[in-house]
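User: Got a model open here and want to go through a few local details. Can you take my questions as they come?

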Amino acid sequence: ATDDLYLAWDFTTASTESVAGRMLAIRDQALEQMGDVPAAVTVTNVTRTGDPDQPEGIAIRVEGTYTVPNFLTGDGSPGNAFHYDVDPADEPDALPTVNPDHPTVEAPFQCNIPDTTVNGTEPAHLVIYGHGLLGRNTEINASNVRAMSNEHNVVHCATKWAGMSEDDIPNAVASLGDFSNFRTMVDRLQQGILNQIVLGRLMMHPDGLAALPEFQRADGTPLIETGHLDYDGNSQGGIMGLALIAVSPDIDRAVLGVPGMNYSLLLPRSVDFDQYEAVMVPAYPNVLDRTLIIAMVQMLWDRGEGAGYAQHVTEDNYPGVDPVPTLLHVAYGDHQVTELAALVEARTLGAAIHRPVAAEGRWAEVEPGWGLASLEYPEGGTAGSAVVVWDSGMEPIPFDAVPPRVGDDSHEDPRADPDARVQKAAFLFDGELVDVCGGQACTADHRE
């Protein structure tokens, strides 16, 4: 009888093709079109030590643009969706193609060459950096990124996350007032991932950035090592970076700082959503409607963020991509990206967790790090994927689907801690996981 039946669970399934088919199609078309020739690059500004506004510790700052095939309508700016040769309403399986009227877009980039590299003799490691929520590529000027560059001989390069950068704020606001516009954000996010892939190729190619005089010493030897490319991103850069490393054929290893996945899980638990939900309320005043809408559009968002790609990062990889060992650095008590989502992500990746997860009495789970194997630090061995929780003494997050609001925010603390940067460098550049916490719970200094 039906009154004896219970709903055990319900869920929505999606195929690999329906989630990632468009992203993989534009990646393959773009790389085939480029062939063995790096993207065209234009340097627009170079500053050096002593110039006004030069970031401390950065010897050479290089800014410019590079050319990427455009798979969006119009000129590829915010608000444009994918371009198709046919009407997708008539052919639902159609894939995006290059827009013949605007076949390319110019993506911005910035690279910082640190004092350590210029004053030393060894070429620098190359790292793509992913910026935070609706931000900009100039985030690589932040003190923690500059410290990583100088402490570990790293040249960071970054572009804007097209789809969710400062340029996209007006379109994000428009979408919050009318969610029928939301597909334009998701389509541009996939173009943004492509922009990151092309930047990586430009960084690695011997005729790319390495051929520019700004990336060479006076004797013509390169300042950068083009044989190895890694990724490091924080917050939105951690969330979006998960999708990038799943589809990039060039990124070898990745560190995702304060990461998570599935924006429909993240948004209600983030203080960052306060101002954006205020925009949404007039159009959708009923809280149940807003909750349902955020859940529904996740099926679109999966195409442009890490949730749709996580199961293909460390295994079951897409064609042309090798497994990418990934290190997750989580902030205990994070007000912006809940650590609950990071642990879901870690279980999806098959990552092992540093134990003790937190000091006695600090972690509310009955079994801290449930479902995750204990991290064993190999002696000189190849490191697999791992998750480390960094506790800077902040208040624990609530269990309800609400943002933490008590006390200070720990969101930026892991990346600012020198020990965390040591662990990141060993993982990215030596392929090793090192215990920088002495067998104890990992703690970080709080960034005021």
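User: Start with Pro368. Buried, partly exposed or exposed?
Analyst: Partly exposed, because its relative accessibility is 30%. Keep in mind that this is a predicted model.

User: Where is the place of Pro368?
Analyst: Pro368 is in the loop between strand 9 (352–353) and strand 10 (386–391).

User: And what is Pro368 in contact with, leaving aside neighbours within four places in sequence?
Analyst: Arg355, Val357 and Trp363.

User: How far apart are the C-alpha atoms of Pro368 and Pro356?
Analyst: They are separated by 8.1 Å. Along the chain, the two prolines are 12 residues apart.

User: Is the peptide bond from Arg355 to Pro356 cis or trans?
Analyst: Cis. Its omega is near 0 degrees. Pro356 also has its place in the loop between strand 9 and strand 10.

User: Backbone next. What is the phi of Asp53?
Analyst: Positive, about 65 degrees, although Asp53 is not a glycine. Asp53 is in the loop between strand 1 (41–48) and strand 2 (58–69).

User: Is Asp53 buried or exposed?
Analyst: Exposed, because its relative accessibility is 69%.

User: What about the phi of Val258?
Analyst: Val258 has a positive phi too, about 35 degrees, and is not a glycine. The place of Val258 is in the loop between strand 7 (253–257) and helix 7 (263–266).

User: Buried or exposed, that Val258?
Analyst: Buried, because its relative accessibility is 3%.

User: Switching to rings. How many aromatic pairs does the structure hold?
Analyst: Eight. One of them is Phe82 with Tyr84. Their ring centres are 6.4 Å apart and their planes are at 85 degrees, so this pair is edge-to-face. Phe82 and Tyr84 are buried.

User: What about the rings of Phe182 and Trp301?
Analyst: Their centres are 5.0 Å apart and the planes are at 75 degrees, so that pair is edge-to-face.

User: Which parts does the Phe182 and Trp301 pair tie together?
Analyst: Phe182 lies in helix 5 (residues 182–204) and Trp301 in helix 9 (residues 287–301), so the pair links parts 119 residues apart in sequence.

User: Are Phe182 and Trp301 buried or exposed?
Analyst: Phe182 is buried, with a relative accessible area of 3%. Trp301 is buried as well, with 6%.

User: Which residues form one aromatic cluster?
Analyst: Phe179, Phe182, Tyr263, Tyr284 and Trp301.

User: Where does the charged end of Arg253 sit?
Analyst: Over the ring of Phe427, 4.4 Å from the ring centre.

User: Last topic, helix 10. Which of its residues are buried?
Analyst: Helix 10 (residues 339–349) has these buried residues: Glu339, Ala341, Ala342, Leu343, Glu345, Ala346 and Leu349.

User: What caps the N-terminal end of helix 10?
Analyst: Thr338 does. One of its side-chain oxygens lies 3.2 Å from the backbone nitrogen of Leu340.

User: And what follows helix 10?
Analyst: Gly350, with a positive phi near 75 degrees.

Methods
Residues are numbered from 1 along each chain as its sequence is written. This is a predicted model: local features need pLDDT of at least 70, side-chain atom pairs count only at pLDDT 80 or more; totals for chains, interfaces and linings use all residues. Side-chain values use heavy atoms; hydrogens and water are left out. Helices (H or I, at least four residues) and strands (E, at least two) are DSSP runs, numbered from the N terminus. Buried means under 20% relative accessible area, exposed over 50%, partly exposed in between (1.4 Å probe, protein chains only). Contact means heavy atoms within 4.5 Å. Rings of Phe, Tyr and Trp (its six-membered ring) pair if their centres lie within 6.5 Å; planes under 30 degrees apart count as stacked, over 60 as edge-to-face and the rest as tilted. A charge sits over a ring if NZ of Lys or CZ of Arg is within 6 Å of the ring centre and within 35 degrees of the ring normal. A polar contact is a pair of N or O atoms within 3.5 Å; within protein, one must be able to donate a hydrogen and the other to accept it, and residues adjacent in sequence count only if both atoms are side-chain atoms.
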